[in-house]
Amino acid sequence: MTLKEKNSFVENTKNSKLFKIWDILILIILLVIIALVIVYATKPAGNFVYVYDEGNLVYKLPLNVNTSVRVKDKLTVVIEDGFTFVKDANCPNKLCEHAKKTCIVNSSITCLPQKISIVIVGAGDLDVVS
């Protein structure tokens with residue numbers, strides 16, 4: 001290697017940065033994705049499903065037993081394989097039927113026209129509706 005080649009190599013090394021701006025941006029995005037996966041993967045599953053009709057508790061169902069209950073001819077709450085969801089709702093838009101199955105503590109499914117809330121509760125959670 002000649003002296004000119006060595007100087008050229010040294011100059012290129014000085015001018016290049018270890019991490020370019022795009023490298024840092026990609027690293028930050030990957031760290032955020034990893035953090036979100038960890039947060040959502042470690043959320044605890046609930047123990048009970050509380051069904052409220054117009055703010056009054058009408059059912060307290062264990063989440064580990066497959067069952068379905070009809071709430072006053074308004075909708076059917078289904079518990080299947082540790083997840084809960086709604087089917088056969090009598091409301092016009094049926095948004096509660098399209099809600100994702102859930103088992104995460106403090107998550108809920110609500111049917112506004114029928115005034116019914118389904119809340120997943122853990123073992124130590126309080127029985128409070130706001």
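Author: Helices (H or I, at least four residues) and strands (E, at least two) are DSSP runs, numbered from the N terminus. This is a predicted model, in which local features need pLDDT of at least 70 and side-chain atom pairs count only at pLDDT 80 or more, while totals for chains, interfaces and linings use all residues. Residues are numbered from 1 along each chain as its sequence is written, and side-chain values use heavy atoms, with hydrogens and water left out.

Reader: Which pattern does the protein follow along the sequence?

Author: The protein contains three helices and seven strands. Read along the sequence, these elements give α-α-β-β-β-β-β-α-β-β.

Reader: What is the order of the strands in the open sheet of three strands?

Author: Two strands count as paired if DSSP finds at least two bridges between them. Strand 3 and strand 4 (residues 75–80) are antiparallel, with five bridges, and five bridges also join strand 4 to strand 5 in the antiparallel sense. The order in this open sheet is therefore 3-4-5.

Reader: Which residue in strand 4 stands opposite Val69?

Author: Strand 3 and strand 4 pair in the antiparallel sense. In this pairing Arg70 stands opposite Thr76, and the residue opposite Val69 is Val77.

Reader: Which residue takes a positive phi in the hairpin of strand 4 and strand 5?

Author: The hairpin of strand 3 and strand 4 has three residues between the strands, and there Lys72 takes a positive phi near 45°. The hairpin of strand 4 and strand 5 has two residues between the strands, and a positive phi near 55° is taken by Asp81.

Reader: How many residues of strand 4 are buried?

Author: Buried means under 20% relative accessible area, exposed over 50%, and partly exposed in between (1.4 Å probe, protein chains only). Buried residues make up 26% of the 130 residues in the protein. Strand 4 is mostly covered, and the buried residues number five of its six.

Reader: Is Ile21 buried or exposed?

Author: Ile21 lies in helix 2 (residues 21–41). The relative accessible area of Ile21 is 63%.
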